[in-house]
Amino acid sequence: MAERKTLGRKTVSSAPEPRSCAQLLVEWFRTHARALPWREGDYDPYKVLVSEFMLQQTQVSTVIPYFRRWMSRWPDLESLASADEAEALKLWEGLGYYSRCRNLLKAARGMSKAGYACPPASVEELRACPGIGEYTAGAIVSIGYGLPVPAVDGNVERVISRLFGFEGLSGSTALRHNVTDVVSAMLKQLRSLPGKGATPRDFNQALMDLGATVCTPSRGGVPFCGECPWIECCLAHKNGREAELPLPRQRAPISQDDAWGLLAISPCQRELLLHRRPDEGLWASMWEIPWFIRKENFWKDFDAWCTALNMEIQLDRNDLKEVGSATFSFTTHRVRSQVVVCNVESVPSGEVWCFYPFDELDNLSMPAPSRKFLSCFNQNFIFCDKYK
Ligand code: SF4
């Protein structure tokens with residue numbers, strides 16, 4: 001075994017052998033595969049499509065109940081292609097990142113329009129659909145159709161970086177290329193493995209499961225190398241660098257913001273003022289309870305917000321009540337919000353404002369902050385009964 005010495009510490013540098021790594025991994029998967037609803041029965045590319053959209057930025061345990069509800073409502077591509085977007089968004093509520101839901105609908109409609117009864121088995125065609133990148137396309141064709149295509153996400157990048165001791169920055173193009181090359185090399189070896197052999201479907205899922213359950217992120221500890229099939233060949237483990245690799249990229253600093261959440265009640269006392277967000281960006285096009293930055297007192301901040309939006313909302317300035325506080329996060333912001341209730345005297349006309357009946361709010365898909373504001377209202381507003 002070739003070795004090199006660095007700064008007095010013996011560093012093992014010989015690269016693991018792809019064929020034996022692939023064999024160890026698929027053997028491990030035979031007894032350690034996670035039982036997941038999208039793996040039940042015959043593999044269905046439509047189930048893989050839905051699960052992969054839901055799993056972006058979201059943990060498996062969170063996704064499972066959403067996935068089951070989704071499949072009960074839209075069991076195949078055809079039914080999803082004709083789904084109502086508002087209903088889909090409502091079912092998605094709580095998973096966050098609503099653009100995924102919209103893109104999933106658009107992708108299903110596009111595939112259906114092109115004549116497909118299930119997602120195509122072509123990386124190129126899948127990648128032409130909204131919301132489907134290289135990883136998701138690879139996952140659909142390898143898991144759904146058993147084709148030997150890599151599916152490299154952050155988990156796979158972490159596992160392979162450690163196994164081969166790659167020094168690239170997490171998320172960098174260079175590291176992604178190196179990892180994809182290794183996975184491709186391992187996929188090529190599958191047919192030559194002894195016994196019943198292994199499929200690209202098993203192999204890619206095994207990588208995902210190893211990353212999720214054994215070769216876990218370093219936050220708050222180290223991976224479970226003692227349970228890993230690669231413990232004898234892993235360079236990060238041999239060199240004591242499990243917690244270091246992959247090298248973290250610089251993250252944008254988190255900003256702490258203060259805000260007001262405004263529960264503005266209509267003159268008839270049975271409706272709440274909602275604002276429709278812009279068609280692009282965070283929570284695009286969704287109706288939400290208005291909120292704005294808190295710097296001074298409510299009325300000064302409210303007036304500044306109205307001026308910035310070039311609109312006029314008349315509130316009853318003698319009747320402002322605080323009903324609690326809520327915290328929420330988005331991108332690199334953490335927001336602490338005071339929640340207030342006020343009666344509205346008049347609002348601007350136009351398509352971005354509406355009064356929405358209290359008793360129908362449960363059926364509306366709303367961003368997470370709005371649900372938190374409503375929760376404050378329901379728990380703490382002493383007159384809330386009359387609004388139900
Ligand atoms: S031995 Fe440890 S660091 Fe290496 S792949 Fe396995 S769990 Fe990850």
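Residues are numbered from 1 along each chain as its sequence is written. Because the model is predicted, local features need pLDDT of at least 70 and side-chain atom pairs count only at pLDDT 80 or more, while totals for chains, interfaces and linings use all residues.

The protein chain has 14 helices and nine strands, which are DSSP runs numbered from the N terminus (helices H or I, at least four residues; strands E, at least two). Its C-alpha atoms fill a box of roughly 80 × 55 × 35 Å along the principal axes. Of its 388 residues, 35% count as buried. A residue is buried if 20 or more other C-beta atoms lie within 10 Å of its own, exposed if 12 or fewer, and partly exposed in between, with C-beta atoms placed from the backbone. Two residues are in contact if their C-beta atoms, placed in that way, lie within 7 Å. Among contacts between residues at least 6 apart in sequence, 66% join residues at least 24 apart.

In soluble globular proteins, nonpolar side chains tend to be buried together. A nonpolar core here is a set of buried Ala, Val, Leu, Ile, Met, Phe, Trp, Tyr and Cys residues joined through C-beta atoms within 7 Å. The largest such core has 66 residues, and Leu25, Val156 and Phe203 touch the most other members. Helix H2 (residues 45-55) gives the largest share of this core, seven residues. Apart from it lies another core of 24 residues, including Trp260 and Val340.

Two of the helix pairs involve H11. Helix H1 (residues 18-32) packs on helix H11 (residues 200-213) at an angle of about 75°, with the axes 9 Å apart. Axes are lines fitted to C-alpha atoms, for helices over the stretch in contact, and angles run from 0 to 180 degrees between N-to-C directions. H1 and H11 are therefore roughly perpendicular; angles under 35 degrees count as roughly parallel, over 145 as roughly antiparallel, 65 to 115 as roughly perpendicular and the rest as oblique. Among the residues that meet are Leu25 and Trp28 in H1 and Phe203 and Leu207 in H11.

The axes of H9 and H11 come within 9 Å and cross at roughly 80°, which makes H9 roughly perpendicular to H11. Asn155, Val156, Arg158 and Val159 of H9 make the contact with Leu207, Met208, Leu210, Gly211 and Ala212 of H11. Beyond its neighbours within four places in sequence, Val156 is in contact with Ala151, Val179, Val183, Leu207, Met208 and Gly211.

H9 also supplies the largest share of the shell around the ligand, three residues. Of the 14 residues around the ligand, Cys215, Cys225, Cys228, Cys234 and His237 come nearest; a residue is near a molecule or strand if its C-beta atom, placed from the backbone, lies within 6 Å of it.

Most residues other than glycine have a negative phi, and most peptide bonds are trans. The peptide bond from Leu245 to Pro246 is cis, with omega near -5°, and Pro246 sits in the loop between H12 and strand E3 (255-265). Gln269, in the loop between E3 and strand E4 (271-276), has a positive phi near 70°. Gln269 is exposed, with 11 other C-beta atoms within 10 Å. Asn310 has a positive phi near 55° and is likewise exposed, with 7 other C-beta atoms within 10 Å.
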